[in-house]
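Please go through the points below with the model open beside you. They are meant as working notes for a colleague.

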Amino acid sequence: MKLVLASKNKKKLVEMNDILSHLGIEVCSEAEAGVDVEVEETGTTFEENSLLKAKAVMEASGLPAIADDSGLCVDALGGAPGVYSARYGGEGLDDVQRYQLLLENMKGQMPRTARFVSVITCCFPNGDVLSARGECEGTVAFAPMGEGGFGYDPIFFVPGLKKTFSQLTAEEKNAISHRGKALEAFQVKLKEYLNKN
Ligand code: IMP
């Protein structure tokens, strides 16, 4: 089965394929499906934005589409950047500038607890929708560590492993990450759905 990923993020595409390929599911990019969809993320929850993205790409491509809406929620900042993680500090910043801004805003703040959240939504052309949520608890590091991953990975510290997400291999990250967990839960729902249909 082929799903179109409603995202331009190549690292998300790799993570999704790593996790879903053993189910015989191929996740392809919008470009491979011949669509280029700009979705305005007007929702105030991960659930709303995930649905907006998956629905728009399903409608444009005519194929089942999967979206991940995700972000980092920091307790001391009232849950920010949350659904605005990709736009924290404005559209002009890159990943490094964004996590540096977050570190700046965390100066003197306690606690440093935070969680990554991912909501996966899959929209089918017949109107059916499947959705699943995953979370990963951690803390905001005092300085970036590691080279891997993307986004806020260098400053997201996992106390149990004493490493940031950037210091984990892709396999290690997928085993505990918000997206890994959401995709685990999604797989179960997808298997049930495919058995019924
Ligand atoms: P989205 O693509 O609109 O869902 O935006 C998600 C944003 O949250 C990304 O641009 C990253 O800044 C951040 N994010 C989500 N998942 C991760 C992750 O696994 N590692 C690091 N940052 C992430």
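**Notes on the model**

1. L183 is in contact with M16, I19, L20, I66 and I120, leaving aside its neighbours within four places in sequence. Contact here means heavy atoms within 4.5 Å. This is a predicted model: local features need pLDDT of at least 70, side-chain atom pairs count only at pLDDT 80 or more, and totals for chains, interfaces and linings use all residues. Residues are numbered from 1 along each chain as its sequence is written, and side-chain values use heavy atoms, with hydrogens and water left out.

2. L183 also belongs to the largest nonpolar core, which has 19 residues. Such a core is a set of buried Ala, Val, Leu, Ile, Met, Phe, Trp, Tyr and Cys residues joined through side-chain atoms within 4.5 Å. Buried means under 20% relative accessible area, exposed over 50%, partly exposed in between (1.4 Å probe, protein chains only). V27, I66, L183 and F186 touch the most other members. At least two residues of this core come from each of β1 (2-5), α1 (10-20), β4 (113-123), β5 (129-140) and α5 (178-196). Helices (H or I, at least four residues) and strands (E, at least two) are DSSP runs, numbered from the N terminus. Helix α5 gives the most, with five residues. A second, separate core has 17 residues, including M106, Y152, I155 and F165. In soluble globular proteins, nonpolar side chains tend to be buried together.

3. How many residues of β4 are buried? Ten of the eleven are, so the strand is largely enclosed by the rest of the structure. Strand β4 pairs with β3 (residues 65-74) in the antiparallel sense, over ten bridges. Pairing requires that DSSP find at least two bridges between two strands. D69 stands opposite V119 in β4. Strands β4 and β5 also run antiparallel, joined by eleven bridges. There, A114 has G138 in β5 as its bridge partner. The hairpin of β4 and β5 has five residues between the strands, and G127 takes a positive phi near 100 degrees.

4. Next, the ligand. It is surrounded by 17 residues, of which K12, S70, D153, K173 and R179 are the closest. A residue counts as near if one of its heavy atoms lies within 4 Å. A side-chain N or O atom of K12 is 2.6 Å from a ligand oxygen atom. For R179, the corresponding distance is 2.8 Å. The protein covers 92% of the 490 Å² of accessible area that the ligand has on its own. Areas come from the Shrake-Rupley method with a 1.4 Å probe; for residues, only the protein chains shown count as cover.

5. K53 counts as buried because its relative accessibility is 8%. Not counting residues up to four places away in sequence, K53 touches A6, K12, V39, E41, A67, D68 and D69. A polar side-chain atom of K53 lies 3.3 Å from an oxygen atom of the ligand.

6. Please check the backbone geometry too. Most residues other than glycine have a negative phi, and most peptide bonds are trans. The A80 to P81 bond is cis, with omega near -5 degrees. P81 sits in the loop between β3 and α3 (95-105). M110 and P111 are also joined by a cis peptide bond, with omega about -10 degrees. P111 is in the loop between α3 and β4.

7. K162 has a positive phi, near 55 degrees. K162 lies in the loop between β6 (156-158) and β7 (163-164). Buried or exposed? K162 is exposed, with a relative accessible area of 66%.

Note on methods: A polar contact is a pair of N or O atoms within 3.5 Å; within protein, one must be able to donate a hydrogen and the other to accept it, and residues adjacent in sequence count only if both atoms are side-chain atoms.
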